[in-house]
Each structure stands twice: as structure tokens, then as C-alpha cells.
Amino acid sequence: MHRPLPAGVTAALAFHQPADGAEQISGSTGCNRFTGTANSKPGELHFGVLALTRMACVGAHQSTENAVLDVFQQTAAYTRSGPSLTLRDAGGNILARLQRAS
Amino acid sequence: MIRLPSKLVPAAFSFLALALAACATPQVYVPPQGGTGIGPQDRAPTTPDKAGPTPVETGDAASDGSEKEPPAAGPEGPLVPLLDSDWIVTELSGAPVPDSINMTLSFYIDRTIAGISGCNRYSGAADMDYETLRITALVSTGVNCPAKSGTLERDFLHALGDSASYRIDGPALQIMGRDGQVLAKLRTAG
């Protein structure tokens, strides 16, 4: 069950060099910015605890943030094909589709 | 040579589309041969004998070999019609809603709904997947309305509260109750 992000709202996720076996991640939820860790091996991906800025948001920005944070909690796997990254839950259901930022 | 990277770092991505509910099962795609008893391919990433041609590239199997997307789906994949448009109520419990009554329903990505119930505005929470629909936490503004729209308004909000499932057929949406009875008929707006 998917819906494109609302117009004018962007959410991003970046993976950085691993430290202590966990990858550092950062990005934006559509409202706040976050940093945190993720554990990945081929095909598998789990997000750790995120540190989130605490801006108050409204409307589409807030709803997007809620959805993005839900996705992070449920992500268990990923598939990657060229510039596309798909996050999936443990059952293989698609949680989110992302595209590599150019 | 393995083509797909096994590591995600370093790379930056932008979100294109988000799931609404984790329990949602992908729809739209039907295997080309009927009667296989196997659901959408997205749902069975580990099933080796699924229907349909799947040009699996060896070496990629661990990450995506058996998870080809439906060919018709664009880069954002199948979208849920429920969320794709605003809906106008045309019928409540078998009785047509007059054109003069403005009665609408919209679904949002954060599992909420909102609309106009004939006179007042309302909002609520919606728990849904590809078949079921449960609407809770309905709240309505408290404007006094003409008698006619007031009655329809009450019927509509009751119908929403009793919803258990839905069906979409082209521009038509039906909301059904627990026993499968049609509570409301809607059509896409615009």
C-alpha cells in the first residue's frame, strides 16, 4: 500500500562509512532531521535507534514523518537495483521505495 | 562478477513512495497463468516455483533474484486506489444521496481520513489493507445543519463507524459492514 510523498515534502536517507560494524545513517523525515545507525548485510537491513531533531511539524510534513519513522521500525530487508532502493518488512512486503540522489 | 552492491554505503537516497500499512499485501499483479494458487510475486520472495517467467540471474538471488516487480508498475509501484483520489458519497444504505448534499471521504498516508459529511466536517482514523477497512475515532464539527442533511450526516458517520471492508471497481468504491452488506457507495471526485 503505497503513496508518493506529498508535493513539496522530501525525505532522505544516507548511509555513511561503518563504525563498529554498524553503518551510520542520516537524513530527513520530511520534517525533522535524524542520525542513527543501521545494520546491513546482503539483503538484510535493520535500523537502530535514531536521534531526531524536535521541530514541530504540521500537515503533510508531519504525516510523512510518521510514515517514515514507521518504515524504519519495520524494515528488515532491502533490495537494490541500479539507482532504486526498496525497503521491506520481514514478510517481504514493500515499505518504501527510494531513489539514489544524484 | 556480482552486479548489485552488497553494501549500502556510502550512498544517499530520497524517498519516492511510502507504505501505508505494514500488513498490506501487494495487489494489482496477477500471475499470467490462472489457477496456480500463488499470490502476487511480491508476497512470496522465497517461493521457488512461482508462476510466471522470472529471468533469475545467478549471483543476485540472495538479494533480489526472485523479487521482480510487476512489469506494468512504474517506478513507484502499484498505488492504492483508495488513497489516489477523493471520494464523493453517492448512496447510503441503498438510498441515493442528493447531488445538493456535499458528502466526501479522503484517505491519507498517516492512516487518517477526513471529509465533509453533508454539512459538518469530520475526521477520523482508518485501519486498512487491501480488503479490510476499519474507521475509528470519528470526530465532527458541531454546526447545526438543515434537517435533511443532518439525517444523512448521521447515517453517513454511522456507516463509516460500521465499516469492515471495501471494494474498488474502477471509479466506484463500496464500503461494506461486517456482514458484507453495502453501507455506502462512493465515486471518485473530479
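**View 1. Overall make-up of chain B in the predicted model.** Among contacts in chain B (heavy atoms within 4.5 Å) between residues at least 6 apart in sequence, 46% join residues at least 24 apart. The chain holds two helices and 10 strands, with helices (H or I, at least four residues) and strands (E, at least two) taken as DSSP runs numbered from the N terminus, and their order along the sequence is β-α-β-β-β-β-β-β-α-β-β-β. Of its 190 residues, 42% count as buried, where buried means under 20% relative accessible area, exposed over 50% and partly exposed in between (1.4 Å probe, protein chains only). The accessible surface of chain B, from the Shrake-Rupley method with a 1.4 Å probe, comes to about 9800 Å², of which 54% belongs to carbon and sulfur atoms. This is a predicted model, in which local features need pLDDT of at least 70 and side-chain atom pairs count only at pLDDT 80 or more, while totals for chains, interfaces and linings use all residues. Residues are numbered from 1 along each chain as its sequence is written, chains are lettered from A and ligands numbered from 1 in the order in which they are written, and side-chain values use heavy atoms, with hydrogens and water left out.

**View 2. The aromatic pair Phe15(A) and Phe13(B).** Rings of Phe, Tyr and Trp (its six-membered ring) pair if their centres lie within 6.5 Å, planes under 30 degrees apart counting as stacked, over 60 as edge-to-face and the rest as tilted; by this rule there are six aromatic pairs over all chains. The ring centres of Phe15(A) and Phe13(B) are 6.1 Å apart with planes at 80°, so this pair is edge-to-face. It crosses between chains, from strand S2 (residues 12-19) of chain A to strand S1 (residues 11-19) of chain B. Phe15(A) is buried, at 1% relative accessible area, and Phe13(B) is likewise buried, at 1%. One aromatic cluster is formed by Phe15(A), Phe34(A), Phe47(A), Phe72(A), Phe13(B) and Phe15(B).

View 3. Most residues other than glycine have a negative phi. Ser93(B), in the loop between strand S2 (87-92) and strand S3 (95-96) of chain B, has a positive phi of about 50° and counts as exposed at 59% relative accessibility. Ala137(B), in strand S7 (residues 133-140) of chain B, has a positive phi near 55° and counts as exposed at 56% relative accessibility.
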